[in-house]
Amino acid sequence: MNQSNKKKIKVTKDGPYQVTGHIPFNQLGFVADKKGASSAYKEIQQYKVDETYYLCRCGKSNNYPFCDGSHLQGEPFDGTETSGHKSYDQMAEKIEGEQVDLLDAEELCAVARFCDTYGSTWNLVADSNDPKSIEIIKQQCANCPSGRLTMVTKEGERLEAELPQEISILEDIPAEAHGPIWVKGGIPIEDANGHFYPIRNRVTLCRCGKSKNKPFCDATHMQNQGELKD
């Protein structure tokens, strides 16, 4: 296969994300429960895309979520990547529970709040002793877009959801905030210097331009709650 046709995301220097391989692209919104925790996703729209397309990462585009060259106007966008290339295992802490364990890489948190349904994931892991609770934990981890949380059986099996290779723009409707870019299904992400980050099943990329962990989301967008309008 020609390298140009392979699915990947390239972080361009002080510019947009270059997406190649005709990767499906949509917009999803968070659905909240009665307590305000995120409980599900709902599709808002599907985008028609070409073999290669460019996604804004400076937060200034007037053609959101696509790049329109705004990063070249006015004050230059500093897109310097500040994240290391650590693997998930290097970031994650293991939390042991009654029936299942939890891997928690806190630095990946995008504050999507799927871990807050039915009490917190951590509390459920600590007291998990029935099949219903374990299914809830499994779903909470599967919905965590950044991949911060992973459920692990006592036999050491990591239960990861089977996700298609797809990119989604996330809208945090309950918080009225524009969320990150959700990259699913192990799509390779190449940095501006031509090196690849460790491949993960679930990744969230910054699109507000303000993350201190570029190119990954660090939840800085939550400082702009209230900007998302119907």
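Buried residues make up 51% of the 230 residues in this predicted model, where buried means under 20% relative accessible area, exposed over 50% and partly exposed in between (1.4 Å probe, protein chains only). Residues are numbered from 1 along each chain as its sequence is written, and side-chain values use heavy atoms, without hydrogens or water. Because the model is predicted, local features need pLDDT of at least 70 and side-chain atom pairs count only at pLDDT 80 or more, while totals for chains, interfaces and linings use all residues.

The C-alpha atoms fill a box of roughly 55 × 40 × 30 Å along the principal axes. Of the contacts (heavy atoms within 4.5 Å) with a separation of 6 or more, 61% join residues 24 or more positions apart.

The protein has three helices and 13 strands. These are DSSP runs numbered from the N terminus, with at least four residues for helices (H or I) and at least two for strands (E). Four strands form an open sheet in the order E5-E2-E1-E12, with mixed pairing. E5 and E12 (189-190) stand at the edges with a single partner strand each, so one side of each lacks a neighbour in the sheet. E1 (residues 8-11) and E12 pair in the parallel sense over two bridges; strands pair if DSSP finds at least two bridges between them. Lys10 stands opposite Glu190 in E12.

Twelve salt bridges were found in the whole structure, each a side-chain nitrogen of Lys or Arg within 4 Å of a carboxyl oxygen of Asp or Glu. One of them joins Lys8 and Glu190 at 2.6 Å, N to O. This pair links strands E1 and E12 across 182 residues. Both Lys8 and Glu190 are buried. Lys8, Lys10 and Glu190 are linked in a salt-bridge network. Lys94 and Asp101 also meet in a salt bridge, at 3.8 Å. Asp101 counts as buried because its relative accessibility is 4%.

Glu81 lies in the loop between strand E5 (52-55) and helix H1 (88-91). Glu81 is buried yet has no salt bridge. The nearest side chain of opposite charge, Arg57, is 5.3 Å away; Lys and Arg count as positive, Asp and Glu as negative, and His and the chain ends are not counted. A polar side-chain atom of Glu81 lies 2.9 Å from the backbone nitrogen of Ala192.

Definitions and conventions. A polar contact is a pair of N or O atoms within 3.5 Å; within protein, one must be able to donate a hydrogen and the other to accept it, and residues adjacent in sequence count only if both atoms are side-chain atoms.
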